Amino acid sequence: MTAKRIDGKVAAQAIRERVAAHVPEFERIAGRAPGLATVLVGEDPASAVYVRSKNRATAEAGMVSFAHNLPDTTTEEDLLQLVIDLNADARVDGILVQLPLPRQINATRVIETIDPAKDVDGFHPMNAGRLATGLPALVPCTPFGCLYLLKQELGDLSGLEAVVVGRSNIVGKPMAQLLLIEHCTVTVAHSRTRDLPATVRRADIVVAAVGRAEMVRGDWIKPGAYVIDVGINRSLSDDGKGRLVGDVAYGEAVEVAGAITPVPGGVGPMTIAMLMRNTLVAAHRRAGMADPEGL
Ligand code: NAP
């Protein structure tokens, strides 16, 4: 059996087009376009690429991007002041502070300073708590994108056995909450899980968010399972060139799974699409408008 390849690029493009289609109506009512402020501290090349892509996607959707690039010597006080200013700026609907931050800055303090209504990354404890209690929230973009792909493939997820490998606040935990809301039976595995292969083998849905290249092997996958690979790991190919690989050994898993996301081209593009969606939704809520339909 060869698994269906779940194309995140196509799904992400469709979401971005739907976001863009809503912008003119928002502009007509609110008198301005939705705005996203990005904050990049330092010169980490991967972070710079991510932030540039986010700014480009914002402009492509017809929204306004406010890019703040700060030196890696920025103090926590200065960054907190910028966040406070962005909270007060009526043109800004979403604030994204790119992680990781330099060592002198406490990321938790920064996240807690972002106005929860503008927290388009969904990392503020208020949004995390609302998600955990089943209240409307701004949901972290990566797990939200994973859920979108799963629902697109499977429709109803009710009663399915889901195993999430990884328990970070950014991916694993919110992914588990989203799958619970969809009535899956959810197991969250992590570095202390005793028999990880046997745990993963139970799953109808596997979400791997570990950060270890090709850790999840083909013989861990139940035949026909749906596999979402969140991992982005840089690895060397046989010819010595750099390449990106996921947390799942794709070549093995594709022979066993029912459907699987590739790396790159799976979850990655969905993260940006969901950021655009969250920015549009935050703008509607801040303007006292109903959530945009079809997103
Ligand atoms: P993270 O904060 O480092 O968390 C990794 C999780 O994996 C932890 O819960 C850890 O367990 C668990 N883990 C580590 N080694 C393990 C092992 N041997 N067996 C089982 N579990 C293990 O990472 P993250 O931020 O969630 O990111 C995970 C991956 O997703 C990374 O590759 C990252 O680059 C990628 N990512 C991609 C996107 C995207 O847009 N596609 C977005 C975000 C992240 P403990 O808690 O016990 O330490």
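**Group meeting: pocket, cores and salt bridges**

The lining of the largest pocket splits into 25 nonpolar, 11 polar and nine charged residues. Keep in mind that this is a predicted model.

Let's stay with that pocket. Its volume is about 1,200 Å³. The lining has 45 residues, and Y50, T142, I232, G268 and T271 lie closest to the pocket centre. Which elements give two or more residues to the lining? They are α1, α2 (45-60), β4 (94-97), α6 and α10. Helix α2 supplies the largest share, nine residues.

The largest nonpolar core has 47 residues. Within this core, L179, V207, I228 and V230 touch the most other members. At least two residues each come from α1 (8-30), α6, β5, α7, β7, β8 (226-229) and α10 (267-286). The top contributor is α10, with 10 residues.

Take I228. Beyond its neighbours within four places in sequence, I228 contacts I6, C146, L149, L150, V206, V207, A208, T261 and V267. There is also a second, separate core. That one has 19 residues, including V163, I221, A225 and V248.

Next, helix α7, residues 172-181. Which of its residues are buried? G172, P174, M175, A176, L178 and L179 are. As a general point, an α-helix has 3.6 residues a turn, so residues three or four places apart point the same way. The buried residues of α7 pack against α5 (125-132), α6 (141-154), β5 (161-165), β6 (185-189) and β7 (205-208). After α7 comes H183, with a positive phi near 70 degrees.

Last topic, salt bridges. The count is 12.

One pairs E153 with K4, with the closest N and O atoms 2.7 Å apart. E153 sits in helix α6 and K4 in strand β1, 149 residues apart. K4 is partly exposed, at 45% relative accessibility.

Another pairs D204 with K222, at 2.8 Å between the closest N and O atoms. D204 is in the loop between α8 (196-201) and β7, and K222 is in the loop between β7 and β8, so the bridge ties together parts 18 residues apart in sequence. D204 is partly exposed at 22%, and K222 is partly exposed at 29%.

Then there is E252 with R217, where the closest N and O atoms are 2.5 Å apart. E252 belongs to helix α9, R217 to the loop between β7 and β8, 35 residues apart. Both are partly exposed: E252 at 35%, R217 at 31%.

Note on methods:
Residues numbered from 1 in each chain as written. Predicted model: local features only at pLDDT ≥ 70, side-chain atom pairs only at ≥ 80, totals over all residues. Heavy atoms only, no water. Buried < 20%, exposed > 50% of the residue type's maximum accessible area, 1.4 Å probe, protein only. Helix = DSSP H or I, 4+ residues; strand = E, 2+ residues; numbered from the N terminus. Contact = heavy atoms within 4.5 Å. Core = buried A, V, L, I, M, F, W, Y, C linked by side-chain atoms within 4.5 Å. 1 Å grid on protein atoms, 1.4 Å probe; cavity = no way out; pocket = protein on both sides within 12 Å on 5 of 7 lines; lining within 4 Å. Points joined across faces, edges and corners; volume = space filled by probe spheres on them. Nonpolar A, V, L, I, M, F, W, Y, C, P; charged D, E, K, R; others polar. Salt bridge = Lys/Arg side-chain N within 4 Å of Asp/Glu carboxyl O.
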